[in-house]
Amino acid sequence: MGVLFCPVDLNPVRAKMAATPEDSEYTSIRLRVAQVKNKKQQPTILYPFVGNPRQPMPEGLPFKLADYLELVDWTGRAIRADKRGAINTSLPPILSRLAIPTAEWLTLTTQFEQRVSTLAGSERAIRLAAEVLGYKKPPGVGLAKQLFA
């Protein structure tokens with residue numbers, strides 16, 4: 001499923017309107033990267049990446065966001081005769097270009113599935129969702145304070 005989204009996120013690069021996917025205006029990859037850089041949850045207006053397939057499988061794309069970013073970057077480096085642009089092969093890999101501290105990236109990408117069982121996001125968003133769902137105690141507030149402070 002992620003491969004279907006790659007060309008859309010690469011359209012501005014292929015058209016030489018942007019040098020990299022994370023600089024491409026009006027793409028989902030730019031929005032996702034901006035959210036991660038600002039230590040926020042995945043954008044609620046986009047279908048979330050939920051990690052590797054497992055049972056029970058939460059609703060979302062069965063990939064990790066880091067894997068998708070690397071797939072887009074790798075695909076964008078391929079030079080195609082039918083396209084004007086490509087990601088410059090001399091640029092560092094996307095995760096290096098984003099300059100997200102390694103510890104934060106690892107927490108967001110490797111511990112998310114184990115540490116978040118129900119609600120995830122900012123403390124405010126969790127409290128609002130818990131209220132709407134009728135929870136007496138909002139789950140995930142401690143992690144939100146730690147990750148999204």
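Surface patches are built from residues with over 30% relative accessible area and no salt bridge, and nonpolar side chains are joined within 5 Å. In this predicted model, V132, L133 and Y135 make up one such nonpolar patch, with an area of about 320 Å². Y135 sits in the loop between α6 (123–133) and α7 (141–147). Its relative accessibility is 37%, so Y135 counts as partly exposed.

Charged side chains were examined next. Side chains of opposite charge can pair when their charged atoms come close. The structure contains four salt bridges. D73 takes part in a salt bridge with R77, and the closest N and O atoms of this pair are 3.0 Å apart. Both residues belong to helix α3 (residues 65–77). R77 and D73 are four residues apart, about one turn of the helix. Both R77 and D73 are buried.

D73 also meets R97 in a salt bridge, at 3.0 Å from N to O. R97 lies in helix α4 (residues 94–97) and D73 in helix α3, so this pair ties together parts that are 24 residues apart in sequence. R97 is buried, as is D73.

A further salt bridge links the side chains of R80 and D82, with an N to O distance of 2.7 Å. R80 has a relative accessible area of 38% and is partly exposed. D82 reaches 54% relative accessibility and therefore counts as exposed, the cut-off for that class being over 50%. Salt bridges with shared partners join E22, D73, R77 and R97 into one network.

Helix packing was then considered. Two packed helices are described by the angle between their axes and the distance between the axes. Helix α2 (residues 28–37) packs with α3 at an angle of about 135 degrees. The axes of α2 and α3 are 12 Å apart. This angle makes α2 oblique to α3, because angles over 145 degrees count as roughly antiparallel and those from 65 to 115 as roughly perpendicular. The crossing of α2 past α3 is left-handed.

Helix α3 holds both R77 and D73, and α3 packs with α2. Through D73, α3 is also tied to R97 in α4.

How values were computed:
Residues numbered from 1 in each chain as written. Predicted model: local features only at pLDDT ≥ 70, side-chain atom pairs only at ≥ 80, totals over all residues. Heavy atoms only, no water. Patch = residues over 30% accessible without salt bridge, like charges linked within 9 Å, V, L, I, M, F, W, Y side chains within 5 Å. Areas by Shrake-Rupley, 256 points an atom, 1.4 Å probe, with all protein chains shown as cover. Helix = DSSP H or I, 4+ residues; strand = E, 2+ residues; numbered from the N terminus. Buried < 20%, exposed > 50% of the residue type's maximum accessible area, 1.4 Å probe, protein only. Axes fitted to C-alpha atoms, helices over the stretch in contact; angles between N-to-C directions. Parallel < 35°, antiparallel > 145°, perpendicular 65-115°, else oblique. Left-handed = near helix turned anticlockwise from the far one by under 90°.
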